[in-house]
Amino acid sequence: MPRLAPVPFRAILALIGFTAIVAQIVLMRELMVVSYGNEISLGVMLASWLLWTALGSNFLGKLAVRARDPGRVMASLQMILAVTFPATVLAVRASRGVLRATPGEILGPVPMLLTSLLTLGCFCAVSGCLFAAGSRLYAQQAEPSSPVATSSVYLLEAAGSALGGILASLVLIRYFTSMQVALLVSLLNLVAAASLAIRTVSRRRTLIVVLLGIFVLLGLPVAHRLEALSLARLWPGFRLVAARNSVYGNLAVVETPGSRSLFENGLLMFNAPDPAAAEEAVHFALLQHPAPKSLLLIGGGASGSLLQALQHPSLERVDYVELDPTVLDLAQQYFPQQWAAAGADPRVHVHNADGRLFLKSTDRTFDVILINLPDPQTAQLNRFYTFEFFREAAEKLNSGGVFSFQLRAAEEYISPELGDFLRCINKTLREVFPVVTTIPGESVHFFAAKQAGGLTENPQELISRLRSRHIETRYVREYYIPFRMMPDRMLDLSRQIEPRGDTPVNRDFAPIAYYFDVALWSTQFNQGYRRIFETIARVNFSYVMAWLGVLLLAIGAAVHWLPHRAGRPRASAAFCTAATGFTLIGLEVLLLLGFQAIYGYVYHQLAIVIAFFMVGMALGSWWRLRRSRSSPTTLLDRKMVMLAGLQLVGAFSPVALYALFVLLSGIRNPMGLTLVSQVLFPVLALASGLLGGYQFPLASEVFFAGSKSAPVSLGTLYALDLVGACLGALAVSALLLPVFGFLRSAVLIAAVNLVPGLLAGWVAFEEAAPQE
């Protein structure tokens with residue numbers, strides 16, 4: 001194959017990472033709509049993605065690198081990718097119909113796993129194969145050395161991923177539909193394929209112009225039609241009124257005779273009209289205060305609850321915090337009865353911000369703070385039910401103020417899982433507020449105050465306030481309030497959710513309530529899932545560490561006792577690479593959740609943190625490549641020492657990160673929060689990425705040193721990196737963080753690095769010793 005121009009050639013290789021990250025963002029969002037997204041489902045989806053990519057890089061990659069013309073192989077793979085990306089979007093949307101799941105129904109873990117494995121397989125396997133084919137092409141075009149080729153492609157892929165992550169997060173998903181994004185990326189891959197496959201410059205240019213013309217004339221209209229048809233299949237039995245892509249999720253307005261519903265990521269946000277839910281959401285809390293003048297409402301106001309709250313005549317100001325402005329745009333257009341008048345009321349001040357960040361940074365104090373959000377089924381939502389958040393809320397309450405929220409429950413029977421969950425929240429609330437009371441029902445309403453006498457359990461007192469304020473309600477009325485507040489019902493609930501000696505406190509960095517709610521979520525499916533979660537809950541962390549230690553030591557012993565001493569550095573490098581893949585995904589998850597806990601859920605800032613992580617990987621790869629070229633004769637034992645040192649840094653990093661989070665969690669002033677979010681976290685992400693970016697080229701130098709099979713194993717080390725990341729995605733997000741918290745998760749990640757680090761040090765010692 002003739003030489004390609006350096007800039008287009010490297011751009012084509014960077015397109016591998018660009019395509020992968022854009023597709024990952026789009027397809028993960030689509031899978032969230034189909035299967036419901038909490039950290040467990042995201043961990044399963046990401047693990048499926050990484051597993052298929054690893055298999056493609058290793059097994060398909062071995063076939064790709066044997067080809068005589070790697071340029072044509074690359075072109076063929078990019079053409080397949082161009083077809084499979086939009087096809088995968090359609091397959092994900094069609095999967096819900098295949099599973100016969102109704103809109104709003106939560107899929108169980110097994111259907112979730114099968115859906116992600118079956119729909120992502122083709123795209124991810126081809127994407128992984130592209131890394132091996134790209135490395136072979138780089139070796140032919142620029143550098144015959146296998147370590148340099150794989151490291152250079154790793155660098156270019158990381159750079160493409162950083163660009164794609166920023167562009168997709170801040171531009172593409174904001175202004176384009178998923179199908180339009182898929183076709184745009186497919187067009188880029190077809191252009192790249194044409195550049196590789198067609199050797200004549202004039203023909204290449206002609207084909208590119210033709211492709212652009214076809215895309216403009218046919219691609220965009222077809223994308224619009226496919227988008228409408230495929231979205232309609234997600235909502236059988238409903239009429240899809242509108243669908244919007246927001247940076248925070250996929251929003252859909254659907255209609256049945258007499259009502260409309262708003263869904264976010266496949267989950268119901270609210271129905272309208274639903275006066276019972278709107279009234280209950282606000283009136284109980286506002287009636288607890290003798291004359292509320294200021295209200296902070298976090299979430300849920302567009303359903304009609306804000307309009308209900310404005311009936312209280314004493315209210316002078318309402319601060320309404322809604323994270324996603326697209327929700328209010330849809331409410332204005334499709335739910336005018338519930339939102340238009342409330343949004344136009346001069347007393348209402350709307351803040352499109354993270355509720356926790358707003359509460360932390362505002363100078364205002366409030367008579368009533370009302371949390372109108374779903375249960376803590378995700379780590380993001382769990383932040384609103386922790387000891388730290390309750391403490392922040394208490395600091396912003398006026399004297400005599402009321403703090404309130406509601407959680408799903410049951411009228412009569414509190415199951416063991418529900419009891420664990422409610423006891424945890426109750427104990428956490430009582431750690432901050434000396435006065436706490438509850439109202440039972442299908443939803444349990446919690447009320448908290450800082451002073452004795454700040455709350456009433458007398459239904460007649462609430463009825464008297466309701467009448468004096470001349471509030472018009474259909475459900476929260478004279479006959480309904482005494483029923484909900486019957487003394488025997490309230491006493492029975494109080495007994496059932498009374499904290500026990502072993503009831504834990506829900507904290508930002510030990511989000512146990514999130515785990516309890518996920519365990520409760522699992523009981524919706526079958527007893528098998530329930531038993532799995534019960535077993536996990538009883539696992540002692542010391543046992544986990546002991547079994548992990550046995551496994552890691554067994555792997556280390558197998559490497560150490562390899563019969564051929566020359567193979568030990570190679571095996572050790574492979575072990576270190578897999579451990580680093582596990583560590584990097586763990587550090588990324590810790591960084592993102594730590595950012596949310598300390599600062600807030602601010603999408604563009606999170607996108608910047610992720611982008612800096614990828615930039616760090618690119619810079620680390622570049623740094624190592626530059627050093628290897630300036631010192632090409634570095635001995636193998638020196639490289640093994642450096643590899644051991646990097647593993648020890650990887651062991652230290654998660655524990656240091658946790659300690660830093662604890663120090664930063666006390667920051668309250670706006671200037672400090674701004675510095676943390678816009679300077680410190682991007683720097684931490686850059687440093688974390690730098691670790692992985694530097695390690696991979698170094699491990700490649702060791703892995704391919706003296707290897708006779710280097711040309712056919714170009715994708716193997718990359719595959720091991722992905723396998724480690726796959727295990728990390730499952731373990732950290734789906735198990736370690738919700739069950740054991742940040743500190744123990746950090747300790748386990750550290751342990752994963754210690755054994756391969758010590759092994760690399762021992763192999764370095766062997767290599768430095770004179771051969772017998």
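About 140 Å³ of space lies in the largest cavity of this model, a cavity being, on a 1 Å grid over the protein atoms alone, a set of points where a 1.4 Å probe fits but cannot get out, with the volume taken as the space filled by probe spheres set on the points, and with grid points joined across faces, edges and corners. The model is a predicted one, in which local features need pLDDT of at least 70 and side-chain atom pairs count only at pLDDT 80 or more, whereas totals for chains, interfaces and linings use all residues. Residues are numbered from 1 along each chain as its sequence is written, and side-chain values use heavy atoms, with hydrogens and water left out.

By the rule given above, five cavities of 30 Å³ or more are counted. The lining of the largest cavity, made of residues that have an atom within 4 Å of a point, comprises 16 residues, of which Ala379, Asp508, Pro511, Leu593 and Phe742 lie nearest the centre of the cavity. Two or more lining residues are given by each of helix 13 (379-382), helix 22 (567-598) and helix 26 (716-768), helices being DSSP runs of H or I with at least four residues, numbered from the N terminus. Helix 26 supplies the largest share of this lining, with four residues.

Salt bridges, defined by a side-chain nitrogen of Lys or Arg within 4 Å of a carboxyl oxygen of Asp or Glu, number 20 in the model. One of them joins Arg93 and Glu227, whose closest N and O atoms are 2.9 Å apart; this pair links distant parts of the chain, since Arg93 lies in helix 3 (residues 70-99) and Glu227 in helix 7 (residues 201-233), 134 residues apart. Arg93 counts as buried because its relative accessibility is 1%, where buried means under 20% relative accessible area, exposed over 50%, and partly exposed in between (1.4 Å probe, protein chains only). Glu227 is likewise buried, with a relative accessible area of 9%.

A salt bridge is also formed by the side chains of Glu280 and Arg484, at 2.9 Å from N to O. Glu280 belongs to helix 8 (residues 275-287) and Arg484 to helix 17 (residues 480-484), so the pair ties together parts that are 204 residues apart in sequence. Glu280 has 14% relative accessibility and therefore counts as buried, and Arg484 is buried with a relative accessible area of 2%.

Between Glu392 and Lys360, the closest N and O atoms of the salt bridge are 3.8 Å apart. Because Glu392 lies in helix 14 (residues 387-395) and Lys360 in helix 12 (residues 355-361), this pair ties together parts that are 32 residues apart in sequence, and both residues are buried. Salt bridges that share partners join Arg356, Lys360, Glu392 and Asp508 into one network; Asp508 is also among the residues nearest the centre of the largest cavity.

Ser621 is placed in helix 23 (residues 603-630) and counts as buried because its relative accessibility is 0%. Apart from neighbours within four places in sequence, Ser621 is in contact (heavy atoms within 4.5 Å) with Ser151, Tyr154, Leu155, Gly693, Tyr694 and Pro697. The C-alpha atoms of Ser621 and Pro697 are separated by 6.2 Å, although these residues are 76 residues apart along the chain.

Phe176 is found in the loop between helix 5 (146-175) and helix 6 (178-197), and its 31% relative accessibility is why Phe176 counts as partly exposed.

Key
On a 1 Å grid over the protein atoms alone, a cavity is a set of points where a 1.4 Å probe fits but cannot get out, and a pocket is an open set with protein on both sides within 12 Å along at least five of seven lines; lining residues have an atom within 4 Å of a point.
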